[in-house]
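Student: Here is the model I want to go through. Can we take it one contact at a time?

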Amino acid sequence: MFFLILFLLSPFLILFFNITELNFSLTSEVKHVFAFTFEQSFLSALISVVLGFMGSLGLISLQNKKVSKAMEFMALAPCFVPVIFVVFSCLNISSFFKFSLQGLFGIIFVHSLINTGVCSVLFSTALKNKIAVINKLFVLHSKNSFVYVCKFILPLMIKDIVYIFSSVFLFCFTSFSIPLVIGGVQSTTVDLLIYEKILSGELSLAVTLAFVQFLFLALILFLLNSFKGNESSIEVSRIPWPRLSPLIVFAALPFIILCAGFVSPMSFSQNTSFYLKMSLNSLFIALLAGYLMFMFVQFLLAFLPNKFLEFFLQHYTSPSTALTCLAVVIFISSSVVLKLSLFWVYLILFIPFLYKMFLQSFVDQIRPVIKLAKTYGGDRWMIYKVVIFPLSYKVTLLVAFIAAAWVLGDYAVTSVLLGDLSTLALNIKNSMRAYRLDESFGLLMILLLGEGILFIIYRGLLKFGNKEY
Amino acid sequence: MIGKVSLSDQMNLIYGQSGSGKSTFVDVLLGFVNAPRVSWLVKNEDLAQLSTEQKKLGVVLQHGQVFPHLTGMQCLEFVVKSRKVENKKYKDDLSAFCEKLQLTHDKLKQKTATMSGGEKQRLALMCALIGEPKVLILDEAFSSLDGENKLKAIKLVKDFSQERQVPTIIISHDVSKFDFIKNQYQMQKGRLLHNVGTTS
């Protein structure tokens, strides 16, 4: 367990031991980058939270359970598909409507598109817990929807609003892959600057930037954990104002934009063998990352339930992409090992989020079963083999599949650690940056095919698991 | 919370209203609640110093919990393998318990998820008995059983406890079927009162 925590904290520890090389000469460039990053994160979070909150009112007003589930799926989709698809879609739409997506506007647009839906779902979950109280107050005091929202819903949601705002702000502040494609010269974020300093070999400045970024993020994290909304056991019911249901458009719009931007002519500029080699390489990396994620999650679950480890995982947020890559670059000198460390970075970046999304509730579910196994006298290995592995197979497979799908579409980590154009996503990134959208779309179709292959493998393994366990 | 308590080395009944601390008491005995100053002497051995696995307890947890993904037989095999019970003894006990609890071998081959509440509770009781326990702890172990099955299950526990000299703690909110147990304790706000009124 100690090594598990050490592994997840390794980027911070590596940077901490390199702190002697700090370069505190914060130039005007650095100040500008910090100000810009703050500005784009603040505005992105604000827009996402406002639209997401309105979307959540629509989401919770829906009476039909199936429609509600479908809408939730639509709202969450932009957050779960690899970023590369969202960026392409936005670029394609901007090209069609002839407006520029470069710079502050573009970054905010894409960030809001990704986060609005997930904010809607988070707000609607928080609202469901408080709605019974709100209903009584509503009946007692008001029959006007505006008064209803302002007087009853907003005051009850302050903690949740601050928590969700901080989460989105954190995501946008450490966003790397989006500014990498659509950020211009004047639109560099802190993560992008760290990346540029790594490439130019100015490691001490990169460490300084990462350190300042870490301090800032630690402050936000503190805020996040102190404003986490309390779960309530109040029975869930719908709000008595069906006229709010059209607000669902705010939750579903990002998904519609995402789909609309996926219509484009395609072209291929290279020969088939080039694409085949690149596709196989990408698929191999994604499959290996998925396999390692499966093994890592199983290893993690073998130590759970454990109060300390659970507390750590609940409160820990992964470092930014650039910070993690920087730590790896400092730690590993051999270029071959550096390429292999790709998987180390993926695990560190994905585990905290995936744990909170999928594994935390699973651990709560199996807690009584493990308690039972212990009372029956099962040792650690037997409990793992007979209880934890069969019960966790499906959820671990899902987590591994999501990780593999993200890795297939990743161009952020590979940009730093691979550098060459050996993956599909890296090529797509380059063609998108050069606004060769036809070529990007062609490559995206191959990428989509790769995602399809991953899904077929996932379904096959799931079927195999259903027979076995 | 509880103070010094001397439970009988035969059958003991602990009853009380919900929220009185019965389940917490069970969790302390099982070792799931950290209680460093607690000692629990059974036949001159302090079970509180041992881990949950080493205590060798026969336990039925509330709602007759069993492994949801296994068959009845696999649940029993888990206990038998964990406790390293001899194969012959396992088979003899299995036949005897099946007959007394009216659970067929075919039923035990089914996944527990397809069993009724009463069947799960009888299976949970078999799991508790089959592992040669040092102490039996049965937390609401008969609550889902109907009249006849309840009486049969209680008789099995009574005979098992007497014949094999296994101290037994039955936790229940319903005392009506346990008149034969001399040592009855009431749990009240975390305190254990002997035979209502007298603190032991």
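Student: Which residues of H15(A) does H13(A) meet?

Tutor: Contact here means heavy atoms within 4.5 Å. Helices (H or I, at least four residues) and strands (E, at least two) are DSSP runs, numbered from the N terminus. From H13(A) come A:Thr321, A:Thr324, A:Cys325, A:Val328 and A:Phe331. Their partners in H15(A) are A:Trp344, A:Val345, A:Ile348 and A:Leu349.

Student: What should I know about the model itself?

Tutor: This is a predicted model, where local features need pLDDT of at least 70, side-chain atom pairs count only at pLDDT 80 or more, and totals for chains, interfaces and linings use all residues. Residues are numbered from 1 along each chain as its sequence is written, chains are lettered from A and ligands numbered from 1 in the order written, and side-chain values use heavy atoms, with hydrogens and water left out.

Student: At what angle do H13(A) and H15(A) pack?

Tutor: Axes are lines fitted to C-alpha atoms, for helices over the stretch in contact, and angles run from 0 to 180 degrees between N-to-C directions. H13 spans residues 321-331 and H15 residues 342-375 of chain A. Their axes lie 10 Å apart, and the angle is about 145 degrees.

Student: Which residue forms a salt bridge with A:Glu310?

Tutor: A salt bridge is a side-chain nitrogen of Lys or Arg within 4 Å of a carboxyl oxygen of Asp or Glu. A:Glu310 is in helix H12 (residues 307-315) of chain A, and its partner is in H15, 57 residues apart. The closest N and O atoms are 2.9 Å apart, and the partner is A:Arg367.

Student: Which element supplies the largest share of the side of chain B that touches chain A?

Tutor: In chain B, helix H1 (22-30), strand S4 (57-60), helix H2 (72-83) and helix H5 (117-130) each supply at least two residues of that side. The largest share is five residues, and it comes from H2(B).
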